[in-house]
Amino acid sequence: MKRGRSSKRSTEQDLVRFGISIPADLLKKFDEHLIERNNQNRSEAIRDLIRDRLVQDAWSEGKGEQVATVTMVFDNQNLDVQRRMAECKRNFGAHLISSMLVRLNGHQELEVVVLRGAASTIRSEAEGLLALKGILHGKLVMTTPGAP
């Protein structure tokens with residue numbers, strides 16, 4: 001008879017246990033980082049790091065279809081930046097999936113734009129949008145629809 005944990009339910013993917021060697025001071029810093037995040041154990045944190053690296057690699061290698069959000073804060077009284085943002089979004093064509101606009105205060109708005117397509121195209125479009133004069137702050141966040 002086989003010994004093992006066959007009585008436990010299988011998940012979608014079987015978990016594999018493995019050992020790693022890591023300097024004690026690095027592990028201590030990692031554990032301190034996890035404590036600051038309050039709710040993550042080492043295994044989940046390492047899985048997140050691996051997933052993040054795989055997404056970065058997919059973007060840098062331009063593999064397949066990618067997804068990104070572009071988050072921007074701008075002065076809503078600057079009509080020129082609003083006009084240029086609208087022009088950029090029209091040029092995105094089918095790459096523009098969705099956008100959301102939120103008023104932050106009397107003069108500032110936050111807009112989140114979701115783009116989908118080839119990595120190089122999406123990055124170029126996002127960088128063009130973020131480079132517009134009048135964007136007070138912005139960030140591109142890249143992911144992939146097939147994230148591991």
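# Contacts, burial and helices

User: Among contacts in the chain between residues at least 6 apart in sequence, what percentage joins residues at least 24 apart?

Analyst: The share is 65%, where a contact means heavy atoms within 4.5 Å. The model is predicted: local features need pLDDT of at least 70, side-chain atom pairs count only at pLDDT 80 or more, and totals for chains, interfaces and linings use all residues. Residues are numbered from 1 along each chain as its sequence is written, and side-chain values use heavy atoms, with hydrogens and water left out.

User: Which pattern does the chain follow along the sequence?

Analyst: The pattern is α-α-β-α-β-β-α-β, made by four helices and four strands. These elements are DSSP runs numbered from the N terminus: helices are H or I with at least four residues, strands E with at least two.

User: Why does Glu109 count as buried?

Analyst: Buried means under 20% relative accessible area, exposed over 50%, and partly exposed in between, with a 1.4 Å probe and protein chains only. Glu109 has 9% relative accessibility and is therefore buried. This residue is found in strand β3. Of the 148 residues of the chain, 24% count as buried.

User: What makes a set of residues a nonpolar core?

Analyst: The members are buried Ala, Val, Leu, Ile, Met, Phe, Trp, Tyr and Cys residues joined through side-chain atoms within 4.5 Å. The largest such core here has 19 residues, and those touching the most other members are Val70, Met72, Met85, Val113, Leu115, Leu129 and Ile135. At least two core residues come from each of α2 (42–61), β1 (65–75), α3 (79–92), β3 (108–118), α4 (119–130) and β4 (135–143). Leaving aside residues up to four places away in sequence, Leu129 touches Val70, Met72, Met85, Cys88, Phe92, Val113 and Ile135.

User: How do you know that the buried residues of α4 line one face of the helix?

Analyst: The residues concerned are Ala119, Ile122, Glu125, Ala126 and Leu129. Down the axis of α4 they fall within an arc of 140 degrees, so they line one face. The arc is taken from the directions from the helix axis to the C-beta atoms. These residues pack against α2, β1, α3, β3 and β4.

User: How do you know that the span of α2 agrees with its 20 residues?

Analyst: The expected span of a helix is 1.5 Å times one less than its number of residues. For α2 this gives 28 Å, and its end C-alpha atoms are 28 Å apart, so the two agree.

User: Which residues of α2 are buried, and which exposed residues does the face turned away from them carry?

Analyst: The buried residues are Ala45, Val55, Ala58 and Trp59. They cover an arc of only 145 degrees around the axis, which puts them on the same side of α2. The face turned away carries the exposed residues Leu49, Arg53 and Ser60.
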